[in-house]
Amino acid sequence: MRLLPAVAVLSLLLSACGQAPAPAAPAATAPPPAPVANDPAKAVLDASQRFGQLRSFHATLHMQGPRTLQATMEFVAPDRYRLQTDDGVQTIIGDTFFLQRAGEVRQVPVPPGLLAQWRSPLPADATAADLQVEALGEERVDGQLARRYRVRHASAAPDGMLYWINAAGLPVRIERQGQTQGNAFTATVDYTRFDDPALHIEVP
């Protein structure tokens, strides 16, 4: 059984934005469009906090480096995740990993709260003073206009990351660069289907 590769890809997908504590309680409805903040650090912090309140979303990871990797993940509040990689579809509900292989499903425990810490792009207790943010203008991401920022945070993004925020004040793309075993890589995560009621994750 190849449990570790699936978990490793999931970790990359969720932590591409940096680790964060457990999310805020999900909002009952989608948050209203956010006003454009004049302070770049506040704009990024507000977007991260709004993202943590979403009830569902779809994420796509593209990684380029020593090897090319693509994976998708869907989240449905409060604790359901569905990951699709070259190894197939895997589901995590609460603290149980439903490992599907060869027509069989095994339930594998995962540490409590392991996934909840990645539900927000920046730490939930971060303040604007913790961030170094540079506004880089506007550009289109999948056809929608978004504001682009370069963001640094001492723990979540010490080397910096690029952060795109749409007109609703939500992150639609995050890009990080780094090295693994001496080889450079670029990881890009695109977010869509915010609070989409059609997203459902069932027990396998």
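User: Which residues of helix 2 are buried?

Analyst: The buried ones are Ala 41, Ala 43, Val 44, Leu 45, Ala 47, Ser 48, Arg 50 and Phe 51. Buried means under 20% relative accessible area, exposed over 50%, partly exposed in between (1.4 Å probe, protein chains only). This is a predicted model: local features need pLDDT of at least 70, side-chain atom pairs count only at pLDDT 80 or more, and totals for chains, interfaces and linings use all residues. Residues are numbered from 1 along each chain as its sequence is written, and side-chain values use heavy atoms, with hydrogens and water left out.

User: Why does Ser 48 count as buried?

Analyst: Its relative accessibility is 2%. The cut-off is under 20%, so Ser 48 counts as buried.

User: What does Ser 48 touch, not counting residues up to four places away in sequence?

Analyst: Ser 48 touches Ser 120, Pro 121, Leu 122 and Tyr 163 on that count. Contact means heavy atoms within 4.5 Å. A polar atom of the Ser 48 side chain also lies 3.0 Å from the backbone nitrogen of Leu 122. A polar contact is a pair of N or O atoms within 3.5 Å; within protein, one must be able to donate a hydrogen and the other to accept it, and residues adjacent in sequence count only if both atoms are side-chain atoms.

User: What is found at the start of helix 2?

Analyst: A side-chain oxygen of Asp 39 reaches to within 3.1 Å of the backbone nitrogen of Ala 41.

User: How does the reach of helix 2 compare with the expected value?

Analyst: Helix 2 covers residues 40-51, 12 residues in number. From first C-alpha to last, helix 2 reaches 17 Å, close to the expected 16 Å. The expected span is 1.5 Å times one less than the number of residues. Helices (H or I, at least four residues) and strands (E, at least two) are DSSP runs, numbered from the N terminus.

User: What makes strand 6 and strand 7 edge strands?

Analyst: The 11 strands form an open sheet in the order 6-5-4-3-2-1-11-10-9-8-7, with antiparallel pairing. Strand 6 (104-109) and strand 7 each have a single partner strand, so one side of each is left without a neighbour in the sheet.

User: How do you know that strand 1 and strand 11 pair?

Analyst: Pairing takes at least two bridges found by DSSP. Strand 1 and strand 11 are joined by 7 and run antiparallel. The two strands therefore pair.
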